[in-house]
Amino acid sequence: MSFFSAVRFIKYLMFSRHRNGHGIHSPFAFDLVSGIFRNKIEPGIVLSIEKTRSRLLSDPRSIKVNDLGAGSDKMKTSLRKVSDITRYSAVPKKYGLLLSNLSKAFGKPLVLELGTSVGIGTMYMAASCGSATVVTIEGCRETSDIAAANFREARYTNIRLLNDSFESILPQLVTEKITPGLVFIDGNHRKEPLLRYFNQVADMSDNNSVVIIDDINYSREMADAWAEIRNHKNVTLSVDIFRMGIVFFRKERNHFNYVVRY
């Protein structure tokens, strides 16, 4: 954790509230935090995905990574071990469970993920929302190939993996008038590209869509981008859980920003 992130985490611990929903006046936000955040998922799903994670953490292969975003502060070279990519880039189990629950609640008819990595988060979302299609975009070919192999081995049939840049794919999806139920943005940790992706996603979304942004406290750039996103004209509810920021566009609700201990 960088010095910036450490300072932000201390502030988060000081000001976060509502671990069990106490003090949240919005019925929707209360149900989100006290219910969906803490729902249980099938133990078999967790066991299967975490087995894949364990295998990848022991994978000795090295691949050449084409980083289209800000890059990693822990992996400085383009030649990286699969085990390191999994350790530093894959969504941790705790947040995989949250993605799974949010996908189950809001993902239909389509989940859109920007940044597949090795596919751990993708599988958590796909497993809990089998009737929805998960469209996931990964810019690096070799990383994409590893994710695709993981999906095949685990027999996920509702994942559509696209190997291309976000800049190439997002405009196509906007043109196709695709309306996602849930969007998970986990790539290119820079302010200007993130805001551009979010604005494109906001244009695609409707009243029922939810957008999750990973690593909102990764850097000052990401924190600044999150501040702008949560105050976007179409956002009516935001939830900050330190690692991730979650926003809703529900017009029937008054604008409110929550910081929740998770």
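**Entry 1**

I began with strand β3 (residues 110-114), which pairs with β4 in the parallel sense over five bridges. Strands here are DSSP runs of E with at least two residues, helices are runs of H or I with at least four, and both are numbered from the N terminus. Two strands pair if DSSP finds at least two bridges between them. I looked up E113 and found its bridge partner in β4 to be T136.

The model is predicted: local features need pLDDT of at least 70, side-chain atom pairs need 80 or more, and totals for chains, interfaces and linings use all residues. Residues are numbered from 1 along each chain as its sequence is written, and side-chain values use heavy atoms, without hydrogens or water.

Next I followed β4 to strand β5 (residues 159-163). The two run parallel and are joined by five bridges. V135 has R160 as its bridge partner in β5.

I then traced the connections. Helix α6 (residues 120-128) forms a right-handed β-α-β unit with β3 and β4. Right-handed means that, with the strands pointing away from the viewer, the path from the first strand over the helix to the second runs clockwise.

Is β4 enclosed or open? Five of its six residues (133-138) are buried, so the rest of the structure largely encloses this strand. Buried means under 20% relative accessible area, exposed over 50%, and partly exposed in between, with a 1.4 Å probe and protein chains only.

**Entry 2: M204**

I found M204 in helix α9 (residues 191-204). M204 is buried, at 6% relative accessible area. I listed its contacts (heavy atoms within 4.5 Å). Leaving out residues up to four places away in sequence, M204 touches L112, L170, L173, V174, I178, T179 and P180.

**Entry 3: aromatic rings**

I searched the whole structure and got 11 aromatic pairs. One of them is Y12 with F242, tilted, at 5.4 Å centre to centre and 40° between the planes. Rings of Phe, Tyr and Trp (its six-membered ring) pair if their centres lie within 6.5 Å; planes under 30 degrees apart are stacked, over 60 edge-to-face, the rest tilted.

Y12 lies in helix α1 (residues 3-15) and F242 in the loop between β8 (237-240) and β9 (244-248), 230 residues apart. Y12 is buried at 6%, and F242 is buried at 12%. Ring pairs link F9, Y12 and F242 into a cluster.
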